[in-house]
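User: I have not looked at this one before. Can you walk me through a few parts of it?

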Amino acid sequence: MTRSASKVKTAVPAAHKPAMHARALKLDARVGAAEKFLLPTYKRSPLVLTHGRGCYVYDASGKKYLDFLGGIAVNALGHAHPRIVKVIRREAARAIHFSNLYHNAFQGPLAQKLSRWSGMDRVFFSNSGSEAIEGALKLARLYGRTPADFPSSAAPKHRILAMGNSFHGRTFGAVSVTSTEKYRLPFAPLLPGIDFVGFNDVADLESKFDNSVCAVLIEPIQGEGGIHPVSEAFWNRARALATQHDSLLIADEIQCGLGRTGRPFAYQKFSAKPDIVVIAKPLAAGLPLGAILASTLVAERIAPGLHGSTFGGGPLVCATALEFLNIVEDSRLLENVRARGAELREGLAALAKKFALIREIRGEGLMIGVELSIEGAPFVAAALKQGLLINCTHDFTLRLLPPFIVTRAQVREFVRTFELVLASTSKAEISSAAKKSENTPRLARSAAR
């Protein structure tokens, strides 16, 4: 074959060029429409993701990515799990919504299974984690009231203690109990009666806990705050003080719950139980569903009309959530979470010996934070180029939240790719990030320790 003939064979046929150009314009139009018409609330990658399969996702050009972000802990079963797809197709053809004026076939069984997983007694379904937090705050204030308090504007027992370095969502109440100033200050003044305690600071907790406190709110593992686990001493003291003052202990398990740590719930590593548990992210395998789990002591304070949700707990999402829990049980995924989590930490520990910029590795199961000595954004961008999805939280911590179905081979693939990311990120990018880090206040990081 001549050289010219070879060129003709490998060149793109002229007839295909208009189609390729049209496809590129279409993709550009999608991103352009998003940038023009969506509120600018996210710093999005220019990628257009189109589909996923298992632990991989694909963009509009067909490029494949290993997903170690999992939709920020939502896609616990990865993408397009056949049993989830089957349930969604079946139930979408039956009924998507009835309203909570009637029972549906899946709310009761799902509530029963969540009660068994958690040890709680009652369940309320919401649409999101933030909405579940709002409901939990309302339950806490309601619990703190006595019949004599109702005529007044505020009950004496109304204060809520939240944690420094915390994140609980974007709605008004959730922002009020979130400590990070960049999320709070633009919306001030916020809800009154909220005080913050140093995370894992027992002395600070004791100094602020009195009979005016109706609840203390804790993430057993702080997610957005940089993957910081609560200490057993702090958790136990919070439980003891809540019992002593007839207050509630609320566990925010929106990110760390439902198997992420290798247990059904992260708080189950401790012997002391909370009074309320808030969940969401993976519950309906990607469909929007949150829930409040409560003890009988809390549940008996609520009555019809005091709280509700139009969309919360519809038949489609509840059927999907019930199947999610069944899959976790049937496939023994909690064992996989523990085993793959241990392998992941082992691989990261080996990389830490090679790369001095890794300061600390934290977390449990498949909820891992890799804290760097410099800002992590350049490494997230480099990972994307290498076909790997991760993200950076709290500026310095790379967050890893792979699906529960991740395999040993995929953990090894991640470690190999991540090593390339650490090695190939340009010195200029690292130098720029280091300079920026030097000029960034570290108050939030020191407070988290």
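**Cavities, a sheet and a surface patch**

Analyst: The second largest cavity has a volume of about 50 Å³. Keep in mind that this is a predicted model.

User: Which residues line the second largest cavity?
Analyst: The lining is made up of His97, Phe98, Ser99, Asn100, Asn104, Gln107, Thr310, Phe311, Gly312, Gly313, Gly314 and Pro315.

User: And how many cavities of 30 Å³ or more are there?
Analyst: The count is two.

User: Back to Phe98. What nonpolar patch is Phe98 in?
Analyst: Phe98 forms a nonpolar patch on the surface with Leu101 and Tyr102. Together they have about 410 Å² of accessible area.

User: Where is leucine 101 placed?
Analyst: Leucine 101 sits in the loop between helix H4 (82–92) and helix H5 (107–118).

User: Is leucine 101 buried or exposed, and why?
Analyst: Leucine 101 counts as exposed because its relative accessibility is 74%, and the cut-off for exposed is over 50%.

User: New topic, the sheet. What is the order of the four strands?
Analyst: The order is S1-S2-S3-S15, in an open sheet with mixed pairing. Strand S1 (49–53) and strand S15 (388–389) are the edge strands, as each pairs on one side only.

User: How do strand S2 and strand S3 pair?
Analyst: Strand S2 (residues 56–59) runs antiparallel to strand S3 (residues 64–67), and the two pair over three bridges.

User: Which residue in S3 does valine 57 stand opposite?
Analyst: That is tyrosine 65.

Methods: Residues numbered from 1 in each chain as written. Predicted model: local features only at pLDDT ≥ 70, side-chain atom pairs only at ≥ 80, totals over all residues. Heavy atoms only, no water. Patch = residues over 30% accessible without salt bridge, like charges linked within 9 Å, V, L, I, M, F, W, Y side chains within 5 Å. Areas by Shrake-Rupley, 256 points an atom, 1.4 Å probe, with all protein chains shown as cover. Salt bridge = Lys/Arg side-chain N within 4 Å of Asp/Glu carboxyl O. Buried < 20%, exposed > 50% of the residue type's maximum accessible area, 1.4 Å probe, protein only. Pairing = 2+ DSSP bridges. 1 Å grid on protein atoms, 1.4 Å probe; cavity = no way out; pocket = protein on both sides within 12 Å on 5 of 7 lines; lining within 4 Å. Points joined across faces, edges and corners; volume = space filled by probe spheres on them.
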